[in-house]
Each structure stands twice: as structure tokens, then as C-alpha cells.
Amino acid sequence: MSLACIGRQHLSHVAIATTLLTGLTGAIYQSTAQAQAAYGSYVGAGASVGVSSDWNGEGQQLSAVLAARYKFLKLPISLRTQAFIGSGSTAIVPTISYDVPLTWQLDAYVGAGYSFATGNNPSPVGDRNTLVIQPGLDYALPNGNTVLFTNAVFAFDAYEGKNEKAVALQGGLGLRF
């Protein structure tokens, strides 16, 4: 049985077993530890870098990224949105993702969505409205509400005048709620 299946169907059993194992580990090493699932909604901020460019060589830029995740607790699905805010460009990228818990703190995911681009220059995800794929990782820091997030956005047919994809890499810190 996969960890994703366990997380969806038997979360309470896994939580009990994890709590018992955590207590046993704490007793053995004489320290207390708490396992936390890497689930939860968050808002965050970070940086993005475009690794592709349009026919003018634009698009390979640094930008600020604002990120939000809404996690459906009973399903392995999240709604995500990232806003890329750069010099002369902005792009909003909403996606829906399938989440796979790797550990209690770490989730891997792959999302699909759409990029809405505005501005005079290409953002890290291009200057054209287009479909996107977004693989990434969320890591919940133990004993707190802080999340480290990192992902890539692959935007198809992303540049005006050039039928090429844009690739952007992001990372940042989020606050769970």
C-alpha cells in the first residue's frame, strides 16, 4: 500500500502509529519529538528566476513571487496560485495539484494550470497567456508553521512571436494557517 493511499484512507491510524513511534524514539534518545504532516494551507513569498528567454533575449529575469496553497485535507489535492512580479511584467499562475506525501514534513506535487501574463516585458513564465505544468516540493519545518516551498513552472507557447516554452524556478518561505 502506498504512502499516498495510507495518507488518504488511514490518516488516523498512521497518526497513532507515528505518535507511538515518536514517543518510543523520544524515550530511547531522551528527547521529545513531534511528527507533523506536511499538509496545510499557506501563504508565502520568495524569488523566481526565468531560465528561458524570448527572441529578444528577454525573460531571463529575477522576480518576486507570492505563493498561496489551499490544501483539501481529505483529498490529495491542493489549489495553488503564484504571482510573479518583475520589472515591467506580472504573471498570475493558478494551478490545481496532486500531492504525494513523502514524509511527515515533505510533500511532492505536480500541478496543471494557466498563466495570465501582463506587462511590456516577459515575466519568468513568458509574456503570453498559456497552459502550465508545475512540479514542486513543500517542506514543513518541524514544530512550527513555517513551510519551505520550491517548484518549477513550465509554460507552453509562452512568448509572443516565438513558439517556445518558458521555464521558471521558484523558492521561498510560507506561513501555514
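Guide: A residue is buried when its relative accessible area is under 20%, exposed when it is over 50%, and partly exposed in between, calculated with a 1.4 Å probe on protein chains only. The structure is a predicted model, in which local features need pLDDT of at least 70 and side-chain atom pairs pLDDT 80 or more, while totals for chains, interfaces and linings use all residues. Residues are numbered from 1 along each chain as its sequence is written, and side-chain values use heavy atoms, without hydrogens or water.

Visitor: Why is Arg 80 called buried?

Guide: Arg 80 has 4% relative accessibility, and therefore counts as buried. Asp 138 is buried as well.

Visitor: What makes the pair of Asp 99 and Arg 80 a salt bridge?

Guide: The term requires a side-chain nitrogen of Lys or Arg within 4 Å of a carboxyl oxygen of Asp or Glu. The N-to-O value for Asp 99 and Arg 80 is 3.3 Å, and therefore the pair qualifies. Asp 99 lies in strand 4 and Arg 80 in strand 3, 19 residues apart. Asp 99, at 2% relative accessible area, is buried.

Visitor: Which other residue forms a salt bridge with Arg 80?

Guide: Asp 138 does, with the closest N and O atoms 3.0 Å apart. Asp 138 belongs to strand 6, 58 residues from Arg 80. Arg 80, Asp 99 and Asp 138 are among the members of a salt-bridge network that also includes Arg 69, Lys 71 and Asp 107.

Visitor: Why is Arg 128 called partly exposed?

Guide: Its relative accessibility is 28%, and therefore Arg 128 counts as partly exposed. Its salt-bridge partner, Asp 157, lies at 3.1 Å, N to O. Asp 157 has 29% relative accessibility and is also partly exposed.

Visitor: How do you know that strand 4 and strand 5 pair?

Guide: Strands are DSSP runs (E, at least two residues), numbered from the N terminus, and two strands pair if DSSP finds at least two bridges between them. Eleven bridges join strand 4 to strand 5, and therefore the two pair, in the antiparallel sense. Ser 89 of strand 4 has Gly 119 of strand 5 as its bridge partner.

Visitor: What makes Ser 89 and Gln 61 a polar contact?

Guide: A polar contact is a pair of N or O atoms within 3.5 Å; within protein, one must be able to donate a hydrogen and the other to accept it, and residues adjacent in sequence count only if both atoms are side-chain atoms. The side chains of Ser 89 and Gln 61 are joined at 3.3 Å, and therefore meet the distance limit.

Terms used
Helix = DSSP H or I, 4+ residues; strand = E, 2+ residues; numbered from the N terminus.
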